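Let's take a walk through this structure together. Keep the 3D view open as you read, and turn it as we go.

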Amino acid sequence: MSNKKVILSAKDISVEFQVRNRTLRAIRNISVDLHEGETLALVGESGSGKSVFTKVFTGMLEANGSVATGAVTYGDMNLTDLKTNAEWEKIRGSQISTVFQDPMTSLNPIKTIGSQISETVIKHQGKTAEEAKAIAIDLMNRVGIPEAEKRYDEYPFQYSGGMRQRIVIAIALSSRPKVLICDEPTTALDVTIQAQIIALLKELKEEYGFAMIFITHDLGVVASIADKVAVMYSGEIIEYGTVEDIFYDSRHPYTWALLSSLPQLATTEKLYSIAGTPPSLYSEIKGDAFAPRNPKPMAIDFVESPPKFPVSETHWAKTWLLDERAPELTKPEGIQDLHAKMVKIYAKEGGA
Ligand SMILES: Nc1ncnc2c1ncn2[C@@H]1O[C@H](COP(=O)(O)OP(=O)(O)OP(=O)(O)O)[C@@H](O)[C@H]1O
Ligand SMILES: [Mg+2]
């Protein structure tokens, strides 16, 4: 895995929004690589910057936002140099596509499903209307629409939520993108449909070979779909590693807290939740942004921001706990033998 080529690379990215004469720093100096064919999951609480960060890759920041520092390399292009919509159109929706949470926002309610897929095929693959229709129906079959030929002429309102999301995925793939960004693509769907969409994305990834950035706050989904995981907190990636690194050998107390709140691990009816709130993004954050919520902070946590401490070749974490001067601290008991617990959970889910 690790010798695969880097397809998308963010270096020192910061994003700022102007809000009524004040500056909100939503992303703070993120550097991360996405490799060909791999799935990177972005996890973290609401407001941690998952959506904003990925919008940098498609030029979709709202008008009051801008990239304040850093660069994004895609192939031999620096995406942060792109200015006009015309320049972005060569990348967005063609090389890098996004699937959002609510399929209705991506579909035009007054156009047929088929025409919406065909249009993107004509735009990106330069096919005739007739060829595009055949490709569109083929795509509909591939994303699991029954009776695709008949349903080609139907409108979005005639489709269920899950079927609409399948169509959005078909449209996203119609340009044969190299990178697919999925921003909580199943959050609006009920649980059984969620599982079907996840299974579909895995299948399509095998077939088409795109790399994927998958945003979710559901760590259960992460375990089933991701190769790498980036844990975000207050606009930073605070821990990064393979799925195994993050689930079974995590080092950041925030990652511990996230893992502890896995609903599958709840031993009583009460779900674990992380006390406190993230810091304001309007003011300079001193030290480790998680320090005020850390149950066992150290003095340095309030003074200096921790660097990325390497844990292994595939794994790093931004926490002073990894400094050689830090006291020995063990993971919360609930997540200590997580491997055994996960195996049990999956055996149960699969079997029952
Ligand atoms: N256009 C905007 N103007 C001002 N602030 C913004 C804007 N867009 C996002 N933000 C702020 O940037 C921060 C990160 O937002 P973002 O949407 O990336 O969070 P998220 O991790 O995707 O959360 P969620 O899980 O709720 O989707 C938040 O504090 C948010 O309020
Ligand atoms: Mg979001």
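Predicted model: local features only at pLDDT ≥ 70, side-chain atom pairs only at ≥ 80, totals over all residues.

Residues are numbered from 1 along each chain as its sequence is written, chains are lettered from A and ligands numbered from 1 in the order in which they are written, and side-chain values use heavy atoms, with hydrogens and water left out.

Start with the annotation. An unreviewed UniProt entry puts the feature "domain: ABC transporter" at residues 8–259; UniProt positions are in the numbering used here, feature names are shortened, and annotations may be inferred rather than shown by experiment. That span is 38% helix and 28% strand, and its end C-alpha atoms lie 28 Å apart. Helices (H or I, at least four residues) and strands (E, at least two) are DSSP runs, numbered from the N terminus.

Now zoom in on ligand 1. Which residues are closest to ligand 1? They are Ser-46, Gly-47, Lys-50, Ser-51 and Val-52, out of 16 residues that surround the ligand. A residue counts as near a molecule or strand if one of its heavy atoms lies within 4 Å of it. Sorted by class, the shell has six nonpolar, six polar and four charged residues. Here Ala, Val, Leu, Ile, Met, Phe, Trp, Tyr, Cys and Pro count as nonpolar, Asp, Glu, Lys and Arg as charged, and the others, Gly among them, as polar. Strand E1 (6–19), strand E2 (22–35) and helix H1 (50–55) each bring at least two residues to this shell, and H1 gives the most, with three.

Look next at the polar contacts, meaning pairs of N or O atoms within 3.5 Å; within protein, one must be able to donate a hydrogen and the other to accept it, and residues adjacent in sequence count only if both atoms are side-chain atoms. Gly-47 has a backbone N or O atom 2.8 Å from an oxygen atom of ligand 1. A polar backbone atom of Gly-49 is 3.0 Å from a ligand oxygen. Glu-184 uses its side chain instead, with an N or O atom 3.4 Å from an oxygen of ligand 1. Taken alone, the ligand exposes 640 Å², and the protein buries 70% of that (accessible areas come from the Shrake-Rupley method with a 1.4 Å probe; for residues, only the protein chains shown count as cover).

E1 and E2 turn up again in an open, antiparallel sheet of four strands, ordered E2-E1-E4-E5. Its edge strands, each pairing on one side only, are E2 and strand E5 (77–78). Two strands pair if DSSP finds at least two bridges between them. Strand E4 (residues 65–74) runs antiparallel to E5, joined by two bridges, and Tyr-74 has Met-77 as its bridge partner in E5.

The other sheet is open too, with eight strands in the order E6-E7-E8-E3-E9-E10-E12-E11 and mixed pairing. Strand E6 (96–99) and E11 are its edges. At the E11 end, E11 and E12 form a hairpin with two residues between them. Three bridges join antiparallel strands E11 (residues 309–312) and E12 (residues 315–317); Pro-310 is partnered by Trp-316 in E12.

Finish at Ser-261, in the loop between helix H11 (253–260) and E11. A polar atom of the Ser-261 side chain lies 2.7 Å from the backbone oxygen of Leu-258.
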